[in-house]
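Good morning, and thank you for making time on the agenda.

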Amino acid sequence: MYAVIATGGKQYKVAEGDVIRVEKLGAEDGAEVTFDNVIAINTDKGVLVGDKVSKSTVKATVVKTAKAKKVTVYKYKPKKGYHKKNGHRQPFTEVKIEAINA
């Protein structure tokens with residue numbers, strides 16, 4: 001069984017036991033998180049969408065919160081002497097999917 005959840009403006013296909021990286025959540029390591037925005041659930045009876053999954057949830061445990069590898073942003077305009085180098089590290093939360101409640 002798997003589910004499709006939405007969090008942080010993105011959608012993720014998850015199954016029990018999966019470890020995924022989502023946009024940073026305001027939870028500490030080891031905390032339990034519930035995702036209420038379930039889009040679809042695939043069960044042995046078929047795919048459930050719409051009103052059939054409106055009360056479904058996905059429970060997960062926070063593994064860690066960290067920052068991703070640095071991405072270098074380089075801006076340049078030819079013949080103008082304009083160069084700007086910048087770096088960015090996107091924060092993320094790694095969660096382990098514990099249960100899908102259909």
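I will speak about the overall fold, then the salt bridges, and finally the charged surface.

Please keep in mind throughout that this is a predicted model. The protein has 10 strands and 0 helices, and its elements, read from the N terminus, run β-β-β-β-β-β-β-β-β-β.

As to overall dimensions, the C-alpha trace spans about 65 × 30 × 20 Å along its principal axes. The radius of gyration is 19 Å, whereas a compact globule of 102 residues would have a value near 13 Å. Of the 102 residues in the protein, 27% are buried.

I turn now to the charge pairs. How many salt bridges does a search of the whole structure find? The search finds 3.

One of them joins glutamate 23 to lysine 10, with the closest N and O atoms 2.7 Å apart. This pair links distant parts of the chain, since glutamate 23 belongs to strand 3 (residues 19-23) and lysine 10 to strand 2 (residues 10-15), 13 residues apart. Glutamate 23 counts as partly exposed because its relative accessibility is 22%, and lysine 10 is likewise partly exposed, at 38%.

Another salt bridge brings together the side chains of glutamate 94 and arginine 21, at 3.3 Å from N to O. Here glutamate 94 in strand 10 and arginine 21 in strand 3 are 73 residues apart, and the pair again links distant parts of the chain. Is glutamate 94 buried or exposed? With a relative accessibility of 16%, glutamate 94 counts as buried, the cut-off for that class being under 20%.

Lysine 59 is partly exposed at 31% relative accessibility, while glutamate 32, at 57%, counts as exposed.

Let me close with the surface. Which residues form a positive surface patch? They are Lys24, Lys67, Lys70, Lys85 and Arg89. Within this group, lysine 85 sits in strand 9 (residues 82-88). Lysine 85 is classed as exposed because its relative accessible area is 65%.

Thank you; I welcome your questions.

Notes. Residues numbered from 1 in each chain as written. Predicted model: local features only at pLDDT ≥ 70, side-chain atom pairs only at ≥ 80, totals over all residues. Heavy atoms only, no water. Patch = residues over 30% accessible without salt bridge, like charges linked within 9 Å, V, L, I, M, F, W, Y side chains within 5 Å. Areas by Shrake-Rupley, 256 points an atom, 1.4 Å probe, with all protein chains shown as cover. Salt bridge = Lys/Arg side-chain N within 4 Å of Asp/Glu carboxyl O. Lys, Arg positive; Asp, Glu negative; His and termini not counted. Charge placed at Lys NZ, Arg CZ, Asp CG, Glu CD. Helix = DSSP H or I, 4+ residues; strand = E, 2+ residues; numbered from the N terminus. Buried < 20%, exposed > 50% of the residue type's maximum accessible area, 1.4 Å probe, protein only. Rg over C-alpha atoms; globule rule 2.2 N^0.38 Å.
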